[in-house]
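Keep the structure open while reading.

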Amino acid sequence: MLVARTRDPADCILSNGRFATLATAGGGLGIVEDGALAMRDGRILAVGPSREILSRFEAPQEIDLSGRLVTPGLVDCHTHLVYAGSRAAEFEQRLAGRSYAEIAAAGGGIGSTVRATREADDATLLRESGARLAALIAEGVTLVEIKSGYGLDTRNELRQLTIARRLAETHDVDVATTLLAAHAVPPEYRQHPDAYVDHLCRETIPEAASAGLADAVDAFCEHIAFSAEQVTRVFDAARAAGLPVKLHADQLSDSGGALLAARFGALSADHLEYSSEEGVAALARAGTVAVLLPGAYYMLRETRAPPVESLRRHRVPIAIATDCNPGTSPLTSPLLAMNMAAVLFGLTIPEVIAGFTREAARALGRLDRCGTLEPGKRCDLAVWDVETPAELVYRLGLNPLHARVREGRWLPH
Ligand code: NIG
Ligand code: FE
């Protein structure tokens, strides 16, 4: 008697691809050569050798990838992309020798973008920010973090976050929002920075949390922004509001930022150029992700790179992001950020790709849902017209994206 072999139902099978699953505890990319992926209801059912997947699953649709490389959809875990205006004139001043800190002290820097953002109407903010978001999406991003921080009063901070949420509806991408009201002291509080911090703790943070507009709270701990003591108060308020924290830490000086982030069990500590060995060890113990931002390092012509060797030695997870912002990193290219992380910071190809996928998802507290190609996770993919992972990182200015897949939907580039 013949027994019909039944195969499990899938919605779609992607076959004949090279899959970087990132599903390895160790260092590699978890590559499956001549692989296939079965998906159902927007989730990954299985990834494995084509022959095995095709014998286990059947689907009404099969897409032949012709040997293309598939990675998890890229995750840009640190951006400030909702703002208005441009700081090209300040860029010109910096080329002429003025420093970022000098420009900030003279009322430029973050302050000038705050003025432009407060003055812009919602439609302008949506249009200008949407163009930047579209550029990220065009290079394979399926999840992006967007910070506020150019409103610096409750109404405008919440408005930035609302626009970030709106962008998730107008664009085919997931958005994680972060309240960064502690980005700079606004002009109204110039003489009373502590009063601004009080105001954040009493009003802005609780309101953003209760409106459901913020997924996390960030702060800028630096001599030109907020002290460790002030950030501690901001983080206490975030904790009271039930929100996780992250920190712009040790970007321009060792301000004890990494230690502070670790003390609060932050999701991530970002920049870290000046972090001490002690700070790095604390990040490791806290399970905090180090987010490296080579675009800002490059634009500010920094000479001190983040302590990559020490991060590796202490096994701190390393993510990479664009830091898309009008001042220090007007960068909307994840691929260029990856190349910079390799060339300027000496990261390996697997570190760079993990940094824009698995570790970036971890930095947003979403590794349970995305960031690797594993059964049960959302089927968010980037399909690339390259054969090897190194080719993705090596080119400058050529975008080999072939398609994105979001929740199982094939979105041609
Ligand atoms: O990540 N460090 C502080 N914030 C941004 C810069 C913001 C700006 O200059 O507008 C950064 O580098
Ligand atoms: Fe930043």
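A salt bridge is a side-chain nitrogen of Lys or Arg within 4 Å of a carboxyl oxygen of Asp or Glu. Buried means under 20% relative accessible area. The model is predicted.

**A buried charge without a partner**

Start with E273. It sits in the loop between β13 (268–271) and α10 (277–286). E273 is buried yet has no salt bridge. The nearest side chain of opposite charge belongs to R304, 8.3 Å away. That distance is beyond the 4 Å cut-off, so the pair does not count as a salt bridge. Leaving out residues up to four places away in sequence, E273 touches D250, Q251, Y297, R304, A305, P306, P307 and F345.

**Charges with partners**

How many salt bridges does the structure hold? There are 29. Three of them are listed here.

| Salt bridge | Closest N to O distance |
|---|---|
| R406 and D174 | 3.1 Å |
| K377 and E374 | 3.7 Å |

The bridge between R406 and D174 links distant parts of the chain. R406 is in strand β17 (residues 401–406), and D174 is in strand β10 (residues 174–182). The two are 232 residues apart. Both R406 and D174 are buried.

R366 and D215 also link distant parts of the chain, 151 residues apart. R366 lies in the loop between α15 and β16 (381–384). D215 lies in the loop between α7 (193–210) and β11 (216–221). R366 counts as buried because its relative accessibility is 15%. D215, at 28%, is partly exposed.

K377 is buried at 7% relative accessibility.

**Pocket and cavities**

The largest pocket has a volume of about 400 Å³. It is lined by 15 residues, and the closest to its centre are G26, V316, P317, R358 and E359. Helices α12 (308–313), α14 (349–355) and α15 (358–363) each give two or more residues to this lining. By class, the pocket lining has seven nonpolar, two polar and six charged residues.

The count of cavities of 30 Å³ or more is two. The largest cavity has a volume of about 100 Å³. Its lining holds 13 residues, with H80, Y100, H183, N325 and T328 nearest the centre. Four of the lining residues are nonpolar, seven polar and two charged.

The second largest cavity holds about 40 Å³ of space. Its lining consists of P72, G73, V75, T142, L143, C370, G371 and D380. These divide into four nonpolar, three polar and one charged.

**Two loop residues**

Is G109 buried or exposed? G109 is buried, because its relative accessibility is 0%. It is found in the loop between α3 (100–105) and α4 (110–119). Beyond its neighbours within four places in sequence, G109 contacts R87, E90, I103 and A104. The C-alpha atoms of G109 and G327 are 6.5 Å apart, although 218 residues separate the two along the chain.

T332 lies in the loop between β15 (318–320) and α13 (334–345). T332 is partly exposed, with a relative accessible area of 25%. Not counting residues up to four places away in sequence, T332 touches R132, A135, L136 and C324. T332 and P72 are 260 residues apart in sequence and 19 Å apart, C-alpha to C-alpha.

Key:
Residues are numbered from 1 along each chain as its sequence is written. Chains are lettered from A and ligands numbered from 1 in the order in which they are written. This is a predicted model: local features need pLDDT of at least 70, side-chain atom pairs count only at pLDDT 80 or more; totals for chains, interfaces and linings use all residues. Side-chain values use heavy atoms; hydrogens and water are left out. On a 1 Å grid over the protein atoms alone, a cavity is a set of points where a 1.4 Å probe fits but cannot get out, and a pocket is an open set with protein on both sides within 12 Å along at least five of seven lines; lining residues have an atom within 4 Å of a point. Grid points are joined across faces, edges and corners, and a volume is the space filled by probe spheres set on the points. Helices (H or I, at least four residues) and strands (E, at least two) are DSSP runs, numbered from the N terminus. Ala, Val, Leu, Ile, Met, Phe, Trp, Tyr, Cys and Pro count as nonpolar, Asp, Glu, Lys and Arg as charged, and the others, Gly among them, as polar. Buried means under 20% relative accessible area, exposed over 50%, partly exposed in between (1.4 Å probe, protein chains only). Lys and Arg count as positive and Asp and Glu as negative; His and the chain ends are not counted. Contact means heavy atoms within 4.5 Å.
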